[in-house]
Amino acid sequence: MAKPTQQPDIFHRHLSDSETQECITFESKGLQAQYYPKWVDHSVADRWYEALMSSVNWSQDEIVVYGKRHLTPRLSCWMGEPWMSYSYSQHTMQPEPWQSCPREILQKLEASHGDTFNSVLINLYRDGKDSNGWHADDEPELGKRPVIASVSLGAARDFYMREKANHSNKVKLNLAHGSLLIMSGDTQSLWQHHLPKRANSGPRINLTFRTMVKM
């Protein structure tokens, strides 16, 4: 269930434009996010999960944090066009070609929400020890005010968003199997997000669709 850890007045529940899906909207001090807890039914989510688990070319990246090199506590794959290298924490990822399952998810996403995307970062959290620290998807290659669409498959995990200028202003979500979170507007410039460790969690796959621009 989605709930804020602070500022309980910043979200509300409503039906989406299609009047068939619950949507939880967050708006506060630059945060613009919409969460669809049941974006696809479990049979579709199960099929996507199994296809991605078996077909994606997973790798564990090495990044630099505070001058020290670390292996990321998760496996990843970056997909897009050949020119779409993606750099963060002094590490550059080269794109894999699009596979059929991520492209199917992309097509459904674009058909149902109108935004267009040209790349996807796929993360595999193997168990509850895998995580992702506080960060924002604010790389220059994503342009100003990027739209990030995050699809979750597998074990549900807690997900936090916090205001950069006031870390006590936080929102907590539980990202469910088959759910969709869309972050837009000034969210990446004014807020950060974080996936903490979680004891006894099973595997989870997360796809974050985005639009790269040529620099």
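**Close-ups of a predicted model**

**View 1. The whole protein and its surface.** In this predicted model, the protein exposes about 10,500 Å², with carbon and sulfur atoms supplying 49% of that area. Of its 215 residues, 51% count as buried. The secondary structure comes to 3 helices and 17 strands. Take the contacts between residues at least 6 apart in sequence: 70% of them join residues at least 24 apart.

**View 2. The largest nonpolar core.** This core has 30 residues, and Leu207 and Phe209 are the ones touching the most other members.

**View 3. Zooming in on Leu207.** Skip the neighbours within four places in sequence, and Leu207 is in contact with Leu52, Ile105, Val120, Leu121, Ile122, Ala149, Ser150, Val151 and Leu153.

**View 4. Ser55 in helix H1.** Ser55 sits in H1, which covers residues 42-55. Its relative accessibility is 37%, so Ser55 counts as partly exposed, a label for values between the 20% and 50% cut-offs. Cys101 is 46 residues away from Ser55 along the chain, yet the two C-alpha atoms are separated by 9.0 Å.

Note on methods:
Residues are numbered from 1 along each chain as its sequence is written. This is a predicted model: local features need pLDDT of at least 70, side-chain atom pairs count only at pLDDT 80 or more; totals for chains, interfaces and linings use all residues. Side-chain values use heavy atoms; hydrogens and water are left out. Helices (H or I, at least four residues) and strands (E, at least two) are DSSP runs, numbered from the N terminus. Buried means under 20% relative accessible area, exposed over 50%, partly exposed in between (1.4 Å probe, protein chains only). Contact means heavy atoms within 4.5 Å. Accessible areas come from the Shrake-Rupley method with a 1.4 Å probe; for residues, only the protein chains shown count as cover. A nonpolar core is a set of buried Ala, Val, Leu, Ile, Met, Phe, Trp, Tyr and Cys residues joined through side-chain atoms within 4.5 Å.
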